[in-house]
Amino acid sequence: MFSRLVCLCYPLLSPRPRRWPGLVLAAAVVLLGGCKTLGPATMSASPAPGPGLTELAHQAAERMTAGNAALKNSGPMIAATFVDIDDLTRSSTFGRISAELIASALARRGLNVREVKMRDSLFIEEKVGELILSRQVKRLSERYNARSILMGTYAQGQDYVYVSARIVRATDARVLGSADFRLPLDNNARALLGESGW
């Protein structure tokens, strides 16, 4: 394109002023044509937003149940609040809603998920919920007549929240199904995690 522009502009050095308007117009057309060609190629489309927590929870439930024959006789199942991986006695709104969403998705896929929130004894601490540890599996299953328990942990990184969910058999704490996912750490996720100032 540069050589074409030089060829067109070279006659400007000629002492014939009558040619100038036509040559200037031709040069402008060449330059504008080049801009039009380069414009769309240099523009980048904004990335599409990724799936939210609800969609990720349903995808996790699908991965846990797809082709998993071990889950056919795993009910009744109860869901425990997901806990902070760095402190298994601490949870948050994020941990509670993550467990709720996955439990709901499992129930929609035909698993016998038992609702236990109506029983006051489920909650160990106010706003924390049933904090699940390995040694509690058998005790909880006997209390609520459950064969399996949905449990999980989450960890907050710099850019993402990482969630690990699993279905554990009550009799021997064997993991019957598991799924992991990560959620971008945006302002909404920070609010669910209980961070202030956002």
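**Chatting through the cores, rings and charges**

Trainee: What does Leu150 touch, leaving out residues up to four places away in sequence?
Mentor: Leucine 150 touches Met64, Met77, Ile78, Ala79, Ala80, Phe82, Ala99, Ile102, Ala103, Leu106, Arg166 and Ile167. Keep in mind that this is a predicted model.

Trainee: Okay. Which residues of the largest nonpolar core touch the most other members?
Mentor: Leu150 is one of them, along with Met64, Phe82, Phe94, Ile102, Leu106 and Ile167. That core has 30 residues.

Trainee: Which elements each supply at least two residues of this core?
Mentor: On the helix side, H3 (53-65), H4 (93-108) and H6 (187-193). On the strand side, E3 (148-156), E4 (160-169) and E5 (175-184).

Trainee: And where does the largest share come from?
Mentor: H4, with seven residues.

Trainee: Let me zoom out. How many helices and strands are there in the protein?
Mentor: Six helices and five strands. Reading from the N terminus, the order is α-α-α-β-β-α-α-β-β-β-α.

Trainee: What share of the residues is buried?
Mentor: 37% of the 198 residues. The protein exposes about 12,400 Å², and 56% of that comes from carbon and sulfur atoms.

Trainee: What about contacts with a separation of 6 or more: how much comes from residues 24 or more positions apart?
Mentor: Those pairs account for 61% of such contacts.

Trainee: Switching to rings. How many aromatic pairs do you count?
Mentor: Two. In one, the ring centres of phenylalanine 94 and tyrosine 154 are 5.4 Å apart with the planes at 70°, so the pair is edge-to-face.

Trainee: Which parts does that pair tie together?
Mentor: Phenylalanine 94 is in helix H4 and tyrosine 154 is in strand E3, so parts 60 residues apart in sequence get tied together. Phenylalanine 94 and tyrosine 154 are both buried.

Trainee: And why is the tyrosine 160 and tyrosine 162 pair called tilted?
Mentor: Because the planes are at 55°, and only angles over 60 degrees count as edge-to-face while those under 30 count as stacked. The centres of those two rings are 6.2 Å apart.

Trainee: Are those two tyrosines buried or partly exposed?
Mentor: Partly exposed: tyrosine 160 has a relative accessible area of 25%, and tyrosine 162 has 41%. Tyrosine 160 also has arginine 182 over its face, at 3.9 Å from the ring centre.

Trainee: On to charges. How many salt bridges are there?
Mentor: Two. Arginine 90 meets aspartate 84 at 2.3 Å, N to O. Arginine 169 meets aspartate 172 at 2.7 Å, N to O.

Trainee: What is the phi of alanine 173?
Mentor: Near 60°, which is a positive value in a residue other than glycine. In general, most residues other than glycine have a negative phi. Alanine 173 lies in the loop between E4 and E5 and is partly exposed at 40%.

Trainee: Last one. Where is valine 113 found?
Mentor: In the loop between H4 and helix H5 (137-144). Valine 113 is partly exposed, at 24% relative accessible area.

Trainee: What else does valine 113 touch, with residues up to four places away not counted?
Mentor: Besides Met77, valine 113 touches Ala103, Leu106 and Ala107.

Definitions and conventions
Residues are numbered from 1 along each chain as its sequence is written. This is a predicted model: local features need pLDDT of at least 70, side-chain atom pairs count only at pLDDT 80 or more; totals for chains, interfaces and linings use all residues. Side-chain values use heavy atoms; hydrogens and water are left out. A nonpolar core is a set of buried Ala, Val, Leu, Ile, Met, Phe, Trp, Tyr and Cys residues joined through side-chain atoms within 4.5 Å. Buried means under 20% relative accessible area, exposed over 50%, partly exposed in between (1.4 Å probe, protein chains only). Helices (H or I, at least four residues) and strands (E, at least two) are DSSP runs, numbered from the N terminus. Contact means heavy atoms within 4.5 Å. Accessible areas come from the Shrake-Rupley method with a 1.4 Å probe; for residues, only the protein chains shown count as cover. Rings of Phe, Tyr and Trp (its six-membered ring) pair if their centres lie within 6.5 Å; planes under 30 degrees apart count as stacked, over 60 as edge-to-face and the rest as tilted. A charge sits over a ring if NZ of Lys or CZ of Arg is within 6 Å of the ring centre and within 35 degrees of the ring normal. A salt bridge is a side-chain nitrogen of Lys or Arg within 4 Å of a carboxyl oxygen of Asp or Glu.
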